[in-house]
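These are my notebook entries on a structure that I went through by topic. I wrote down what I looked up and the cut-offs that went with it.

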Amino acid sequence: MTGQNATSQDTQTQESQAVQSDSPERELYLDAAASDAVPASVIEAMTPFLTEGYGNPSSVHASGKTAARALDAARASFATDLGAHAGDVIFTSGGTEADNLAVKGIALAQIRRERETRAAAASASTPARAFTPASASPHSPAHRILISAVEHPAVAQSAQWLHDFFDFEVVRIPVDAQAHIDLNVLSREAQKGATLACIMMANNEVGTIEPVSRAVRICHDAAVPVHVDAVQAAGTIPVDFRGLDADTLTVSGHKFGAPKGLGALLTRSRVAIEPIVSGGGQERGLRSGTPNVAGAIALAVALHEACAGMEERNAPLAASRDALIKAICEAVPGATLTGDPVNRLPGHASFTFPNVNGEALLVDLDARGIEVSSGSACAIGRHEAPGTLLAMGLSETEAKSALRFSFREPLHHTDIRRIAQALRASMTALHAM
Ligand code: PLP
């Protein structure tokens, strides 16, 4: 459900919503890509593990075992819905932490390998000049991170951190005007060697679905492991971790109906990762800290519900998205859809608007009960132009005029009409048309 704006396949609910949507008071929440409501079923499933089954899953007594069994079951279900094995799942505090763990953890493992090689060679009293220089010097093939130019800051800033503290070279792979990664450049750069390549599955700002499967093959042909940020994809479009053959993959619970502050990194054992949170060695030693059992159950149940309804939901969801795009482009001459018009997330419509600042438009729409976003939730308040749009070649002014409408259930036609009318009214109020 998309909070206040959700419609369901249940006719009764649709009828009551159609009546509701004529009410000027009702807010239309169109920011599901930022966060969304937690369904009652998810709260119901997790609550017993806050109130009764509250034991620490590492404890050996009966309460601990109950919690451990629940955690195991949640992990197994969660893995199945992502095409993964239970042992692939490292629960984290969200998408940001999972991206940090993948990017920093894989690079730090590389540094550890090099240190161990040096130490082994030193103890065998091999002369230092006999080492392969490429394995130890900064900017060697082993010290490069390839990232698409449209990665989320959780990935881009982790790569930047590796540059700042360990002198890794960060290579940004360009995208085209619809935000698709340039696979030719990726191939060229991968062949030069790299510690890791990061390619998101679906873009948060413009909704474009990236050619990740081809990107993984290109990188693997060059022996470069791949991290996939699937935060906007999981629970919305199918994600098959093992089928994709990615090395690591991030998901975030609050994008598909779990509470905020919950996520996971899926990892293959073939890729070495150093933990970035040290402690008691939980989560295969990759994420110490007492596991959030109730949170893991929320993740598993929310994901399962999102995946179970996906096939039935996505055609009407995409149809309502296309109706919204048409209505907005008709209501506001000069409004331009951003991202791939077809191969995009089914509940994601993003635009630039002429002669207006996106934040001003957002505030005016909010006053009319329409809640949207001006791009990435992370950039809001900093008055920054959305990075994806700049990477796609838009000017700063164009990028700053952007708005994103995102929803997880099909929009009712009365809602679409209301959004288009409100946009037109806002544009007029702001003297933009
Ligand atoms: N990656 C992408 C593509 C995102 O859209 C987001 C959040 O919007 C994140 C990572 C960060 O996830 P979280 O909010 O769980 O930290």
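Entry 1, overview. I counted a residue as buried when its relative accessible area was under 20%, as exposed when it was over 50%, and as partly exposed in between, with a 1.4 Å probe and protein chains only. On that basis 55% of the 433 residues of the protein are buried. I was working with a predicted model, in which local features need pLDDT of at least 70 and side-chain atom pairs count only at pLDDT 80 or more, while totals for chains, interfaces and linings use all residues. Residues are numbered from 1 along each chain as its sequence is written, and side-chain values use heavy atoms, with hydrogens and water left out.

I took helices (H or I, at least four residues) and strands (E, at least two) as DSSP runs numbered from the N terminus, and found 15 helices and 12 strands in the protein. For contacts, meaning heavy atoms within 4.5 Å, I looked at residues at least 6 apart in sequence, and 73% of those contacts join residues at least 24 apart.

I paired rings of Phe, Tyr and Trp (its six-membered ring) if their centres lie within 6.5 Å, calling planes under 30 degrees apart stacked, over 60 edge-to-face and the rest tilted. The count came to 5 aromatic pairs. Phe78 and Phe91 form a tilted pair, because their ring planes stand at 50°, with the centres 5.6 Å apart. Phe78 belongs to helix α4 (residues 62-81) and Phe91 to strand β2 (residues 89-92), so this pair ties together parts that are 13 residues apart in sequence. Phe78 is buried at a relative accessible area of 0%, and Phe91 also counts as buried, at 10%.

Elsewhere I found Trp161, Phe165 and Phe166 linked by ring pairs into a cluster.

I used a side-chain nitrogen of Lys or Arg within 4 Å of a carboxyl oxygen of Asp or Glu as the criterion, and the search of the whole structure gave 18 salt bridges. Asp245 and Arg268 form one of them, at 3.7 Å from N to O. Asp245 sits in the loop between α9 (241-244) and β7 (248-252), and Arg268 in the loop between β8 (263-267) and α10 (293-308), 23 residues apart. Asp245 is partly exposed at 28%, whereas Arg268 is buried at 15%.

Which residue forms a salt bridge with Arg270? I found Asp247, with the closest N and O atoms 2.9 Å apart. Arg270 lies in the loop between β8 and α10 and Asp247 in the loop between α9 and β7, so this pair ties together parts that are 23 residues apart in sequence. Arg270 is partly exposed at 43%, and Asp247 is buried at 4%.

Glu396 and Lys400 meet at 3.8 Å between their closest N and O atoms; Glu396 is partly exposed at 46%, as is Lys400 at 31%. I also noted a network in which salt bridges that share partners join Arg144, Glu169, Glu189 and Lys192.

I counted Lys and Arg as positive and Asp and Glu as negative, leaving out His and the chain ends. Asp229 is buried but has no salt bridge, and the nearest side chain of opposite charge, that of Lys255, is 9.0 Å away. A polar atom of the Asp229 side chain does lie 2.9 Å from the backbone nitrogen of Val231. Leaving aside residues up to four places away in sequence, I listed the residues that Asp229 touches, among them Asp99, Glu151, His152 and Thr250.

Conventions
A polar contact is a pair of N or O atoms within 3.5 Å; within protein, one must be able to donate a hydrogen and the other to accept it, and residues adjacent in sequence count only if both atoms are side-chain atoms.
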